[in-house]
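Thanks for passing this one along. Here are my notes, in numbered points, for you to read beside the model.

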Amino acid sequence: MSHLIAPSLLAADFNNLAKEMDMINQSEADWLHFDVMDGRFVPNISFGIPLLKAVKKSCNRPIDVHLMIVEPEKYIELFREAGADVITVHYEACPHLHRTIHQIKESGAKAGVALNPHTPVSVLENVIEEADLFLLMSVNPGFGGQKFIYNTIPKTRQLFDMITVKNAKALIEIDGGVGLQNAEALLKAGARVLVSGSAVFKADDPLDTIKRMKKIGRKEYLV
Ligand code: DX5
Ligand code: ZN
């Protein structure tokens, strides 16, 4: 199975959301990434459940909800009911991570665990077979449009090896500063889902940018 592209709504034009959703619906994007920020876990506030409900009605792709919030376990069922297909919580925000992963799965969503750039992948050792997805932050969470942290590439490879050794099935998702310039290196290191905000929505031609990101690694890309 080839890799997945998840454009991040955070970089969309909120004055033209219907148009942005039309673009996603016509595109080769696989998921729509939806960043929830609470002003506590991260130094910024974004959007939440009412917007998710609206987006769910106009977007025909699975919604990949990234919870950058404290105490995410309080809101999992609400996000699921609002339309989340994937729910990712931060390792740093979950003292009972194993329980929270299973709470997400019981809600019917796919369960993801995110790591901040400074958190080593070794902390995932005891949940490597539990989660459906691991999200590596390649910028410090809180804002779109930041510079990619290069250490994410060896970190991706390290996590890929941990998953492979245990014959686990989790996908690796990379989030922050991802675009055409680093997508290939990330995919080679073992990434399967690429989140891309600014590089897609701020591009002159978002549809073509998504198309080019999807082509990476395919035969026609090499010719
Ligand atoms: C950052 C968010 C990202 C953000 C990525 O905290 O988690 O999903 O939207 O945006 P870009 O691709 O612009 O770095
Ligand atoms: Zn995100």
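**Notes on the predicted model**

1. At 13% relative accessibility, Phe47 counts as buried (buried is under 20% relative accessible area, exposed over 50% and partly exposed in between, with a 1.4 Å probe and protein chains only). For reference, rings of Phe, Tyr and Trp (its six-membered ring) pair if their centres lie within 6.5 Å; planes under 30 degrees apart are stacked, over 60 edge-to-face and the rest tilted. Phe14 sits in the loop between strand 1 (4–7) and helix 1 (17–26), and Phe47 in the loop between strand 2 and helix 2 (49–58), so the pair ties together parts 33 residues apart in sequence. Helices (H or I, at least four residues) and strands (E, at least two) are DSSP runs, numbered from the N terminus.

2. A word on conventions. This is a predicted model, in which local features need pLDDT of at least 70 and side-chain atom pairs pLDDT 80 or more, while totals for chains, interfaces and linings use all residues. Residues are numbered from 1 along each chain as its sequence is written, chains are lettered from A and ligands numbered from 1 in the order written, and side-chain values use heavy atoms, leaving out hydrogens and water.

3. Back to the rings: how many aromatic pairs are there by this rule? The count comes to two. Phe14, Phe34 and Phe47 form one aromatic cluster.

4. Which residues hold the zinc ion (ligand 2)? His33 (NE2), Asp35 (OD), His66 (ND1) and Asp175 (OD) coordinate this ion at 2.0 to 2.3 Å. Donors are N, O and S atoms within 2.8 Å of the metal (3.2 Å for Na, K and Ca), and water is not among the atoms, so sites may look incomplete. The six donor atoms subtend angles of 69 to 171°, which makes the arrangement octahedral (six donors, with opposite ones over 155 degrees apart and all others between 65 and 115). Asp35 lies in strand 2 and Asp175 in strand 7 (residues 171–175), so the pair ties together parts that are 140 residues apart in sequence. Both Asp35 and Asp175 are buried.

5. Strand 2 (32–37), strand 8 (193–196) and helix 7 (198–201) each supply at least two residues of the lining.

6. Two backbone angles deserve a look. Most residues other than glycine have a negative phi. Glu71, in the loop between strand 3 (63–68) and helix 3 (76–82), has a positive phi of about 50°. Asn167, in the loop between helix 5 (152–165) and strand 7, has a positive phi near 55°. Glu71 is partly exposed at 37% relative accessibility, and Asn167 is exposed at 57%.

Note on methods:
Tetrahedral: all angles 85-135°; square planar, octahedral: opposite > 155°, others 65-115°.
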